[in-house]
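Here is a short report on a ligand site and some helix packing. Look at the model first, then read on.

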Amino acid sequence: MYNDLKGKVAVITGGSKGIGKAIAERLAKEHMKLVINYNSDAKGAEDTVKMIKDKGGDAVATQANVGDENDVQHLLDVAIDNFGDLDLWINNAGMENQVHTHEMSLADWNKVIKVNLTGTFLGARAALRYWIKKDRPGNIINMSSVHDQIPWPTFSHYAASKGGVKMFSETIALEYAKRGIRVNSVSPGAINTPINAKKFSDPDQLADTKEMVPMDRIGKPEEVSATVAWLASTESGYVTGDTIYVDGGMTLYPEFEEGKG
Ligand code: NAD
């Protein structure tokens, strides 16, 4: 538990399921006030809000497409209207689809870039504008991926978007450090969420993935949300511009295990 988070206000994009939902649950345990964004899964978001309220927490679900600038402004407005302030903005919403690059339509490319990268820019910009206007510090956490570092054939738009998220985070961390605004990325490896449901339900694909993880297991959403909670709290107060890999060692070149190579 991080006592400094109590009563603070956070926006979480893509909070209706998966990692975003786990972040909402964890930050609710920290007694934060939460705006839980969803794009199409209203029920998922409402269920998360109900679960939080049943446990005595405070949260509101809000529809917004993170790729739309008016929608993102609406998310900020909901935070201010309901909770009076904004302390933390988490750009978690993301998507992927598999397609060979030579067969990728411009629409495929644009869709992934718009949600993963442009959505992160729009969310960060809304939060930055608010904190600068108020002349107060702030905290942004961006959900990147091990694929900001590991190339991923047939997902080139996704890898490009996450590489972009990492460098965008580092750049704005530097740009706003003197204002007391921290910006960090979290890069998960293979985590058990709906985005991977099909892949992990196939024993062969599950075994293939585990082979790439030195710790020999798939990660839990709660292991990502625990890292997010630490970055949200002042316990990490001197950390900015960093990318934390929550990946069971996936980025450690597992093929070199046991002295190979
Ligand atoms: P998920 O598919 O379970 O959840 C993604 C969330 O993003 C959903 O709530 C979805 O509604 C939301 N979303 C998608 N498009 C949106 C839009 N236009 N506007 C608003 N919300 C939108 O996936 P997840 O595994 O929970 O992924 C969460 C984040 O973590 C993503 O950014 C993903 O790229 C990243 N990530 C996940 C893994 C993993 O193994 N699960 C690994 C690395 C990175």
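## Backbone, ligand site and helix packing

Asp 216 sits in the loop between helix 7 (203–211) and helix 8 (221–232). Helices here are DSSP runs of H or I with at least four residues, strands are runs of E with at least two, and both are numbered from the N terminus. This is a predicted model, where local features need pLDDT of at least 70, side-chain atom pairs count only at pLDDT 80 or more, and totals for chains, interfaces and linings use all residues. Residues are numbered from 1 along each chain as its sequence is written, and side-chain values use heavy atoms, with hydrogens and water left out.

Asp 216 is not glycine, yet its phi is positive, near 60 degrees. Glu 258 also has a positive phi near 60 degrees. Glu 258 lies in the segment after strand 7 (243–246). Most residues other than glycine have a negative phi.

Now the ligand. Which residues come nearest to the ligand? They are Ile 19, Asn 92, Tyr 158, Thr 193 and Asn 196, out of 27 residues around the ligand. A residue is near a molecule if one of its heavy atoms lies within 4 Å of it. The shell divides into 12 nonpolar, 13 polar and 2 charged residues. In this scheme Ala, Val, Leu, Ile, Met, Phe, Trp, Tyr, Cys and Pro count as nonpolar, Asp, Glu, Lys and Arg as charged, and the others, Gly among them, as polar.

A polar backbone atom of Ile 19 is 2.8 Å from an oxygen atom of the ligand. Asn 196 uses a polar side-chain atom, also with a distance of 2.8 Å to a ligand oxygen. The ligand alone exposes 820 Å², and the protein buries 93% of that. Accessible areas come from the Shrake-Rupley method with a 1.4 Å probe. Helix 1 (18–29) and helix 5 (156–176) are the elements that give two or more residues to the shell.

Next, helix packing. Axes are lines fitted to C-alpha atoms over the stretch in contact, and angles run from 0 to 180 degrees between N-to-C directions.

| Helix pair | Angle | Axes |
|---|---|---|
| Helix 1 and helix 2 (42–54) | roughly 15 degrees | within 10 Å |
| Helix 3 (69–83) and helix 4 (106–134) | about 45 degrees | 9 Å apart |
| Helix 1 and helix 8 | about 55 degrees | 8 Å apart |

Angles under 35 degrees count as roughly parallel, over 145 as roughly antiparallel, 65 to 115 as roughly perpendicular and the rest as oblique. Helix 1 and helix 2 are therefore roughly parallel. Helix 3 and helix 4 are oblique. Helix 1 and helix 8 are oblique too.

A crossing is right-handed if the near helix is turned clockwise from the far one by less than a right angle, and left-handed if anticlockwise. Helix 1 passes helix 2 in a right-handed crossing. The crossing of helix 3 and helix 4 is right-handed, and that of helix 1 and helix 8 is right-handed.

Terms used: A polar contact is a pair of N or O atoms within 3.5 Å; within protein, one must be able to donate a hydrogen and the other to accept it, and residues adjacent in sequence count only if both atoms are side-chain atoms.
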